[in-house]
Amino acid sequence: MFSLIIMMIIITMISALMILLVSLISKKTSMDREKSSPFECGFDPTSSARLPFSLHFFLIAVIFLIFDVEITLLFPLIKSLKMSNILNYSIVLASFIIILLIGLFHEWKQGALNWTN
């Protein structure tokens, strides 16, 4: 019991010594000019950070992400083809693709896919 307490004290002292050495060796200045500037890259801001962005580009990016996630969700369906009933598999796959096509048709009718507007 006594040797366990001695060992814990030694381990605690070694850990504290290592923390002290690391903090002394890697001491950085807390008030760095670049760190106190608005941008950490070192460049001074030349214009406003609140620039307007294209809403149309944002909608195209969201549509891309939706179809990217769709591909990710279709991979497990391909792997589960061997283990599932073909009728249930067809119904799930068809409903999934129909929902995505309805969303794409809606975006098309709203004009979100017309890049020239």
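This section describes the fold, the surface and selected side chains of a predicted model.

The protein chain has 117 residues, of which 8% are buried. Its secondary structure consists of four helices and zero strands, and the order of elements from the N terminus is α-α-α-α. The accessible surface of the chain amounts to about 10,800 Å², and carbon and sulfur atoms account for 74% of this area. When contacts between residues at least 6 apart in sequence are considered, 53% of them join residues at least 24 apart.

Helix 1 spans residues 2-25 and includes M8. M8 also takes part in a nonpolar surface patch of about 670 Å², to which M1, L4, I5, I9 and M13 contribute as well.

Helix 3 covers residues 55-79, and E70 is located in this helix. E70 is buried but forms no salt bridge. The nearest side chain of opposite charge belongs to K79, at a distance of 19 Å. A salt bridge requires a side-chain nitrogen of Lys or Arg within 4 Å of a carboxyl oxygen of Asp or Glu. With residues up to four places away in sequence left out of the count, E70 touches F96 and L100.

L59 is likewise placed in helix 3. Its relative accessibility is 32%, so L59 is classed as partly exposed; this class lies between the limits of under 20% for buried and over 50% for exposed. L59 and E107 are 48 residues apart along the chain, while their C-alpha atoms are separated by 9.2 Å.

One aromatic pair is present in the structure. The pair is formed by F105 and W108, whose ring centres are 6.2 Å apart; the ring planes meet at 85 degrees, so the arrangement is edge-to-face. For this assignment, the angle between the planes has to be over 60 degrees. Both residues belong to helix 4, which comprises residues 86-110. Because F105 and W108 are three residues apart in this helix, about one helical turn separates them. The two members of the pair fall into separate accessibility classes: F105, at 44% relative accessibility, counts as partly exposed, whereas W108, at 54%, counts as exposed.

Terms used:
Residues numbered from 1 in each chain as written. Predicted model: local features only at pLDDT ≥ 70, side-chain atom pairs only at ≥ 80, totals over all residues. Heavy atoms only, no water. Patch = residues over 30% accessible without salt bridge, like charges linked within 9 Å, V, L, I, M, F, W, Y side chains within 5 Å. Areas by Shrake-Rupley, 256 points an atom, 1.4 Å probe, with all protein chains shown as cover. Helix = DSSP H or I, 4+ residues; strand = E, 2+ residues; numbered from the N terminus. Phe/Tyr/Trp six-rings, centres within 6.5 Å; stacked < 30°, edge-to-face > 60°. Buried < 20%, exposed > 50% of the residue type's maximum accessible area, 1.4 Å probe, protein only. Lys, Arg positive; Asp, Glu negative; His and termini not counted. Contact = heavy atoms within 4.5 Å.
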